[in-house]
Amino acid sequence: MSHRLRQIRKTLARLYPNAQCALIHDNPLQLLIATILSAQCTDARVNLVTPALFARFRTAAEFAQAPIEEIEELIQSTGFYRNKARNIQECCQLLVERHGGQVPATLEALTALPGVGRKTANVVLGNVFDTPGITVDTHVGRLSRRLGLTVHQDPVKVEHDLMQLIPRKDWTQFSHQMILHGRAICHARKPLCSQCELARWCPKVGVAAAAADANTTTTTLVRPAQTSRVNRPGRTQSESRTVPTQRPRRAKRKSTEADASSP
Ligand code: SF4
């Protein structure tokens, strides 16, 4: 492992020592369903929806037999609710048919379920079965590219690149730390590089282009975007952002880019 990567990992571990899955759950089934709901939705929003959902349906069999409209109504605010409700129900039907209502503990069995890709499977494996997995969501993909850990856009290729770089035992924790840093500092449109403790080790791949794009978009769209967001019924500004489970600690010194060149 390169000195640069060691420093990145060390810094993330110091900033987010207790990073963990932000989706609230009590058992593997709840985490599986919460992760399906988190597609194109913030974890904070999912956590608002799941208490009522899990109070109403407690087992895979109950989800499998539920009127689909009832699931849809309970998850509506997470977006794409018809697809998600169908996936949840078909997933639970297969859990009942093939796995006795239990969530399987292998990547192969999990990814064979409707609505369950590698990302969802790795979240479940890493957080309830202690099987390390790299979770490549939008934050992990973006940070990995900016940090020069991968050149790929395809989440599966990013996952494989990270699997080569990070020791297996740390896959799950590294994913959580990257997700938290992406939410708190390395934002998609305007990363806070001047406040980032990884800046010294980060080549900032593609950041200038993202900033230029953000400025152009802001100049063109700022008025209508602000108006529609404020007036949108049923959603507050804070809900549109994902709240990290842990804030990064403050920087002790200013970062430089001097050490960010090697992979
Ligand atoms: S220095 Fe900038 S691009 Fe690199 S990780 Fe930090 S916020 Fe992201």
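Over residues 250–263 pLDDT stays under 50. I still find 23 contacts beyond four places in sequence for residues 250–263 in the model. Residues 220–244 also stay under 50 in pLDDT. There the model has twelve contacts beyond four places in sequence. This is a predicted model, and its mean pLDDT is 85. I note that 81% of the residues reach 70 or more.

Next, the ligand. I count 14 residues around the ligand. The closest are Cys186, Pro191, Cys193, Cys196 and Cys202. I sorted the shell by type: twelve residues are nonpolar, two are charged and none is polar.

Then the nonpolar cores. The largest has 31 residues. Leu32, Ile33, Ile88 and Val124 have the most contacts inside this core. I traced its sources: H2 (28–37), H3 (43–56), H4 (60–65), H5 (68–75), H6 (81–99) and H8 (118–128) each supply at least two residues. H2 gives the largest share, seven residues. Another core lies apart from it and has 26 residues, including Ile134, Val136, Ala184 and Leu198.

Last, helix H10, residues 155–165. Which residues of H10 are buried? I find Val158, Glu159 and Leu162. They sit on the same side of H10, because they cover an arc of only 100° around the axis. On the other side of H10, I find Val156 and Gln164 exposed. I also looked up the cover over the buried residues of H10: it includes H8 and helix H9 (138–146).

Definitions and conventions: Residues are numbered from 1 along each chain as its sequence is written. This is a predicted model: local features need pLDDT of at least 70, side-chain atom pairs count only at pLDDT 80 or more; totals for chains, interfaces and linings use all residues. pLDDT is the predictor's confidence in each residue, from 0 to 100. Two residues are in contact if their C-beta atoms, placed from the backbone, lie within 7 Å. A residue is near a molecule or strand if its C-beta atom, placed from the backbone, lies within 6 Å of it. Ala, Val, Leu, Ile, Met, Phe, Trp, Tyr, Cys and Pro count as nonpolar, Asp, Glu, Lys and Arg as charged, and the others, Gly among them, as polar. A nonpolar core is a set of buried Ala, Val, Leu, Ile, Met, Phe, Trp, Tyr and Cys residues joined through C-beta atoms within 7 Å. A residue is buried if 20 or more other C-beta atoms lie within 10 Å of its own, exposed if 12 or fewer, and partly exposed in between; C-beta atoms are placed from the backbone. Helices (H or I, at least four residues) and strands (E, at least two) are DSSP runs, numbered from the N terminus. The arc is that of the directions from the helix axis to the C-beta atoms.
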